[in-house]
Amino acid sequence: MSFWLQRDESQSQPQSDETQGGVLTLGGRNSSLFVGDIDFNDIPVNTPTYWLQAVSAVTVNGQSIAITEATSLAAIDTGTTLLAGPPADVAAIWAAVPGSSPAGDKAPGFYFFPCTTDVSVSFSFGGQSWPIAVQDMIHGTVDPAGTLCVGSIYDLSQGTNQLPPPGSPNWIVGDTFLKNVYTIFRMTPPSVGFAQLSALAGGSDTVSSTDSKTTHSNSDVTTIHAVTKSLMLLLLVQMCWSIFGLSVF
């Protein structure tokens, strides 16, 4: 199954409710909503419990953030609004943002930062690096004047008083990230894939890739499909003529 989550671009306030939109495709994918290759990575556990990935790299404003390997397991969850992670890694992310600070008792687990600061964050799960749009890093504002913003990445440990059992995720990657990619959940082999959004889905039909994979645009796909259909039709005509003892060539 595949997901495209729609962002409400008409809203001036990032914390406003999202429009009720997007596309869920069961049993396949909608090729009009993405361009380029799908970056599939297998679920990194033998007995899958969630749609899991391992966070392999994070960058903040171009700066690489050290991720704790022992707590790198992440659940890819369309039902979660924000993005949550282990305390040390979340603290390291916000330490790279000038002027940021823990929200403290006002919002345990969250971080504040100046609304005039653009926070550019990218995540990788063993393959390509996927950026989060600057507006998606803002969960809300602290004051009516909009001088301080609430970050969309928070400390997961503040949301529960129980330690996760072995094999459970320490990250929950929700819509803060997933609005920026086309997401595919594949059964065989169990894996999760991400692809660049097309212009129709709010992205771009020009493929941008940080790896060496061969990529293509939707126009390339259309051309390939047209050529394939033509060849199949020609083959069908030849078969029909052969039944009557004739030959096309």
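Ground rules first. The model is predicted, so local features need pLDDT of at least 70, side-chain atom pairs count only at pLDDT 80 or more, and totals for chains, interfaces and linings use all residues. Residues are numbered from 1 along each chain as its sequence is written, and side-chain values use heavy atoms, with hydrogens and water left out.

Helices (H or I, at least four residues) and strands (E, at least two) are DSSP runs, numbered from the N terminus. Two strands pair if DSSP finds at least two bridges between them. Strands of a sheet pair through backbone hydrogen bonds, either parallel or antiparallel.

Now the sheets. One is open, has five strands and reads E2-E1-E17-E18-E3. Its pairing is antiparallel. Which strands sit at the edges? Strand E2 (23–25) and E3, and each pairs on one side only. Neighbouring strands of this sheet are turned by 15° against each other on average, direction ignored. For angles, axes are lines fitted to C-alpha atoms, for helices over the stretch in contact, and the values run from 0 to 180 degrees between N-to-C directions.

Stay with E3, residues 34–42. E3 pairs with strand E18 (residues 191–197) in the antiparallel sense, over six bridges. Val35 stands opposite Gln196 in E18. Asp42 has Ser191 of E18 as its bridge partner.

Is E3 mostly covered or mostly open? Mostly covered: seven of its nine residues are buried. Buried means under 20% relative accessible area, exposed over 50%, and partly exposed in between, with a 1.4 Å probe and protein chains only.

With a relative accessible area of 4%, Asp39 is buried. Its side chain and that of Trp130 are joined by a polar contact of 3.5 Å. A polar contact is a pair of N or O atoms within 3.5 Å; within protein, one must be able to donate a hydrogen and the other to accept it, and residues adjacent in sequence count only if both atoms are side-chain atoms.

Pro48 is partly exposed, at a relative accessible area of 42%. Pro48 and Ser191 are 143 residues apart in sequence, yet 9.8 Å apart in space, C-alpha to C-alpha.

Next sheet. Five strands form an open sheet in the order E4-E7-E16-E8-E15, and here the pairing is mixed. Strand E4 (52–54) and strand E15 (153–155) stand at the edges with a single partner strand each, so one side of each is left without a neighbour in the sheet. Neighbouring strands are turned by 30° on average, direction ignored. Strand E8 (residues 83–85) and E15 run parallel, joined by three bridges. Leu83 has Ile153 of E15 as its bridge partner.

On to charges. How many salt bridges does the structure hold? Two. The criterion: a side-chain nitrogen of Lys or Arg within 4 Å of a carboxyl oxygen of Asp or Glu.

Asp136 forms a salt bridge with Arg7, with the closest N and O atoms 2.4 Å apart. Asp136 lies in the loop between strand E12 (129–132) and strand E13 (138–141), and Arg7 in the loop between strand E1 (2–4) and E2, so the pair ties together parts that are 129 residues apart in sequence. Both residues, Asp136 and Arg7, are buried.

Asp136 also forms a salt bridge with Lys179, at 3.3 Å between the closest N and O atoms. Lys179 lies in the loop between helix H2 (175–178) and strand E17 (182–186), so this pair ties together parts that are 43 residues apart in sequence. Relative accessibility is 5% for Asp136 and 12% for Lys179, which counts as buried. Through shared partners, Arg7, Asp136 and Lys179 join into one network.

Last, the outside. Ala95, in helix H1 (residues 87–95), counts as exposed at 66% relative accessibility. Ala95 and Tyr111 are 16 residues apart in sequence and 9.9 Å apart in space, C-alpha to C-alpha. Leu26, in the loop between E2 and E3, is exposed at 65%.

That's the tour. Questions, please.
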